[in-house]
Amino acid sequence: MRIYLTGAGGFIGSYIVRALLGAGHKVRCLLRNTSAAALPDDPRVERVTGDVTRPDSLRKTMTG
């Protein structure tokens with residue numbers, strides 16, 4: 001399953017990403033352009049830049 005996760009760059013979000021990968025999922029992570037996320041280097045992790053307060057940026061990152 002492909003999962004879209006907001007907040008992946010935060011402390012809890014990064015652990016959620018690892019748990020989802022451990023369960024065999026692919027994860028598209030929404031990150032702010034200022035985020036210094038420590039996400040796993042895994043081909044199942046896709047990083048996209050956006051902001052939950054800007055709906056236009058969400059639409060672009062949710063396509064596909």
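The dialogue below walks through one predicted model, feature by feature.

Me: What should I know before reading any numbers?
Reply: This is a predicted model, where local features need pLDDT of at least 70, side-chain atom pairs count only at pLDDT 80 or more, and totals for chains, interfaces and linings use all residues. Residues are numbered from 1 along each chain as its sequence is written, and side-chain values use heavy atoms, with hydrogens and water left out.

Me: How many helices and strands are there in the chain?
Reply: Elements are DSSP runs: helices are H or I with at least four residues, strands are E with at least two, and numbering starts at the N terminus. Here the chain has 2 helices and 3 strands. Their order from the N terminus is β-α-β-β-α.

Me: What radius of gyration does the chain have, and what would a compact globule have?
Reply: The radius is taken over C-alpha atoms, and the globule rule is 2.2 Å times the number of residues to the power 0.38. For 64 residues a compact globule would come out near 11 Å; the chain has 11 Å, in agreement. Along the principal axes, the C-alpha atoms fill a box of roughly 30 × 25 × 15 Å.

Me: What share of the residues counts as buried?
Reply: Buried means under 20% relative accessible area, exposed means over 50%, and partly exposed lies in between (1.4 Å probe, protein chains only). In this chain, 36% of the 64 residues count as buried.

Me: What share of the contacts joins residues at least 24 apart in sequence?
Reply: A contact means heavy atoms within 4.5 Å. Take the contacts between residues at least 6 apart in sequence: 32% of them join residues at least 24 apart.

Me: How many salt bridges does the structure hold?
Reply: A salt bridge puts a side-chain nitrogen of Lys or Arg within 4 Å of a carboxyl oxygen of Asp or Glu. The structure holds 3. One of them pairs Arg28 with Glu46 at 3.0 Å, N to O.

Me: Why does the Arg28 and Glu46 pair tie together separate parts?
Reply: Arg28 lies in strand β2 and Glu46 in strand β3 (residues 45–49), so the bridge links parts that are 18 residues apart in sequence. Arg28 is buried at 13% relative accessibility. Glu46 is partly exposed at 37%.

Me: Which backbone oxygen does the side chain of Arg28 reach?
Reply: A polar contact is a pair of N or O atoms within 3.5 Å; within protein, one must be able to donate a hydrogen and the other to accept it, and residues adjacent in sequence count only if both atoms are side-chain atoms. The side chain of Arg28 reaches the backbone oxygen of Thr61 at 2.7 Å. Strand β2 itself covers residues 26–31. Beyond four places in sequence, Arg28 touches residues including Ile3, Tyr4, Val48 and Met62.

Me: Where does Ser14 lie, and is it buried or exposed?
Reply: Ser14 lies in helix α1 and is buried at 11%. A polar atom of its side chain lies 2.9 Å from the backbone oxygen of Phe11. Leaving out residues up to four places away in sequence, Ser14 touches Ala8, Ala38 and Leu39.

Me: Which residues make the nonpolar surface patch?
Reply: Patches use residues with over 30% relative accessible area and no salt bridge; like charges are joined within 9 Å, nonpolar side chains (Val, Leu, Ile, Met, Phe, Trp, Tyr) within 5 Å. Phe11, Ile12, Tyr15 and Ile16 make a patch of about 480 Å². Ile12 sits in helix α1 (residues 11–22) and is exposed at 61%.

Me: Where is His25 placed?
Reply: His25 is in the loop between α1 and β2. His25 is buried at 19%. Apart from neighbours within four places in sequence, its contacts are Met1, Ile3, Leu20 and Arg44.

Terms used
Accessible areas come from the Shrake-Rupley method with a 1.4 Å probe; for residues, only the protein chains shown count as cover.
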